[in-house]
Amino acid sequence: MNEMTNNKETLREGSAKDNRNETDVILEDKTLVEGPSALYTLIVEEPAQSDDSSSYSMTLSEFEEDRWYNPTSLPDDAAEIESIQRLIKYIRVGNQTATAIALAALVDYNLRDECTQSIVIATGGTELLINLLETDHNECRHGALAVLNEMSYMLGTRRNLTNLGAIPILVKLLSDRSLDLQILSAETLANVAKIKKGRKFIRKAGGIELMVNYMDVPHQVLKTESEMLPVIQQKLFSLLCNCSKALWSMSKSDKNKDVMRRSGIIPVMAKLLTSVHEDVVSSIMGIIVNCATQPVFRTAIKEQGMLIDILKLLKSLDIEMMNNAATITFNCAEDPESRKLIKEQGGLNSLVNIVKVESHKCETKLMAAATGAIWKCLMNPDNVKRLEDINGIHVLVKLLDSDSEDVIANTVASLAECTKIGRNKIALRAADGLVPIIKLLQDTGHERILVNVCRVIDNCASDPLCMEQVVSNDGIRLVWSMMKFDSTLVQSTAGHTLVTLLKNTKESSDIMRSLVTGLVMLVDLLKSHDTRVLAAACAVIGILAKEPENLAILTDYDIVQRLSSLVHTSNSDLQAHLSRAIGSCCLLERNCHTFGRLDVVLPISKYIHSNSELVRQNVTFALHGLSGDATNCVAMESCGVVPFLMETIASRDPDVQEASAGCLANIRKIALNARRLK
C-alpha cells in the first residue's frame, strides 16, 4: 500500500524544474508549445435537426456555461499542467498497474475545474478514458469512470461524452456485476441526461429500462435511514438515488415518458413516494411534475393513490418540494374526480395556506403553481363552498397586486369561478376587490388576465352595487376597448360582457350613445374569421342598434350587408346572436326591405329547425323584424314559419311571446290584404 502511494506521488511530481516559461504546456516529452492557446479546441459537430423532443440544442444558460471550448486561463502552476500531462501519458502507455495508479492520482485533482478539464481534453484524455471503460480490468474501469464522472459535472464534458459515443458504454456498465461501477455509471448518466442529445442517446441505448428496474428496491431500503442500512443496501440506495436523478432529467422528453411508462415506472413511483429519504422523494416528485402533463400519467397518479401522498407534501417546509406538489396538483385538477379528491384530502386548505404566507410571495413559481391549482379546484362548486368557509376570497384579493402576471391571471380566474355564485359577488365587493380588477383592463396586456377580468365583471353585473362600481370606475368603456384587442378570445369575451353590462345599467341609453365613436370598429369585427368574435359582435349590435342614432350610423356603414353575409352559418351561437342583431336593425324600415332584397329570409327561416333552444327563441326576433316588409311576410309564410310561431307564442319568455305575436300579426295582415285584393 505504501509503495502504491509512493508511486502516485512520483507520477504527480513532473519536471517543472526544466528551463521553460510558466505558460508552456507539455503535450509529449519532446513537444513544447508556447502559450495557453496551444491547447487545441476539440471540434464537436452539430447533429442534424430532428423532430425528437430530446434532440440536441443549447439554451442560453448552457451556452454561457460552455467554456471548455476556449478556456480563458490555465493554472498558473506550470508544474501542475505538466503533472497532469504525464499522468495522461502513463495511462496511455503504461501497464494495468501503472494505469490504475495514474487514474487514482488523476482523481485527486479538481476535475470539476474548467482549466483542469481543458488539459485533459486537449491531450485526448477523454477518448482514452472512454476506451478504458471497455477493458476487462476492474480497477482501470473504475478509475476511468471515476474521472469521467467528476468531469461530467461540466456541460462541455457532457457534450464531449455524448459525441464520442460514451453513452452506450455507460449504459452497458449499468448491467455490470460491480455495484460500484453501476453507481458511478448511473451518476455519470444523470449528468449527461441534462443535455437533450444525451437524453436521446440514453433512451436508444436502453438505459431507461435498466434505471427503472434499479429503482424498485426492497421496502427496507425505503423505510430505513441510509446510515442504518447494511453496506450492500447502502449501495442499492445510492444506485436508486442516481437512477432517479437521471430519470428526472430524462422525463423532460415525451418519447422518454412513454418508454418510462412502458417500463413500469408508475407503480415504482407510487412506492418511492412513501420513502423516508427526502432526496428520493424530491427526485420522484420532479419526475411526476414532468410526467403529469400527460393525461395517461394523471390518471395513473390518481388510480395509484399517489395524489393523496402528493397533497400531504403541500405542507412540506421545503420550498421546492412544496412547489412540485402544487404543480402536480395543478396538472391533476383537470378532471372532476381529482378536484373532489383534493377537497376531501384538505388540499384546497393547504393551497390557500401557501398563498397566505407573506414570505412565499417572493417565490414566483410556487405562487403561480399554488394559485393555478386553486383555480382548477374552484371549477368544482363544492370547492367554492369550501373556499367561502375559510374566507378565501379575501386571501385571493390580496394577491391582485402580485408582480407575477401568472399569479394575477390565476387569481382573477379563481375569482371568476367564485363570482358565479351570488353571495361571492357581495364578498368580492366587501373585500374591495372589484375596483382593482377593473383597473387591470388598462394596466396589463396579458390575454388570460383580460379574459378573466371580463368574466368577473360579467358575473358581478347582476349585483346593483357592483354595477355601480363598474360604471363609476369607467368599466363599461374599458370593456368596450377590449374589443379592439389583438386576441380573438379577449374580443369575444369582452363583447358578451358588454352586452351584460348594457342590459344591467340604468343609464344604458346614455352609455350606448357615448359608444358611437366605436361603431366603425364594431362593423369591422364582422369581417373576422372567428365565429366567437362574430357572435360577440352580433350580440353587441343587437343591443346598440336599439338606439336610433346608433342604428342610423351602423346602417351608413353597411351593417345590413355585413349581417346578410353571415346568415348561412351553421354555428348555433352565431345564429342566435345574428338573429337578434337582424331583428334590431330592422327597426329602421328601409333595412327591413334591404334584408329581403339580399335573400336573408329563406336562410333565416331555416333556423326554426335548429336543435338549439336559444336559436329557436332568438330567430323569432329576426322574423318579427323582417315581417315589417310585405314581401318578406309572403316569403316567410311559404317557408312554413307560422306553425313555429304558434308554438313559440306560448314561450315563458315575454319578449319571445311578443316577437312571435307581432310576426304572426304582420303575416296575417298581409294575408287579409291579399284576400281583399282578390
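**Pockets of the predicted model**

The lining of the second largest pocket comprises three nonpolar, four polar and four charged residues (nonpolar: Ala, Val, Leu, Ile, Met, Phe, Trp, Tyr, Cys and Pro; charged: Asp, Glu, Lys and Arg; polar: the others, Gly among them). The model is predicted, with local features requiring pLDDT of at least 70 and side-chain atom pairs counted only at pLDDT 80 or more, whereas totals for chains, interfaces and linings use all residues. Residues are numbered from 1 along each chain as its sequence is written, and side-chain values use heavy atoms, with hydrogens and water left out.

A pocket is an open set of points on a 1 Å grid over the protein atoms alone, where a 1.4 Å probe fits, with protein on both sides within 12 Å along at least five of seven lines; lining residues have an atom within 4 Å of a point. The second largest pocket holds about 280 Å³ of space, a volume being the space filled by probe spheres set on the points, which are joined across faces, edges and corners. Its lining consists of Tyr153, Glu187, Ala190, Asn191, Lys194, Asn242, Lys245, Trp248, Ser249, Lys252 and Asn290. Two or more of these residues come from each of α10 (179-192) and α14 (231-250) (helices being DSSP runs of H or I, at least four residues, numbered from the N terminus). The largest share, four residues, belongs to α14.

The largest pocket contains about 580 Å³ of space. Of its 23 lining residues, Gly542, Lys546, Arg580, Ser584 and Phe621 are the closest to the centre. At least two lining residues are supplied by each of α32 (488-504), α35 (531-544), α38 (572-585), α41 (613-626) and α44 (654-677), and α41 gives the most, with six. By class, this lining has eight nonpolar, nine polar and six charged residues.
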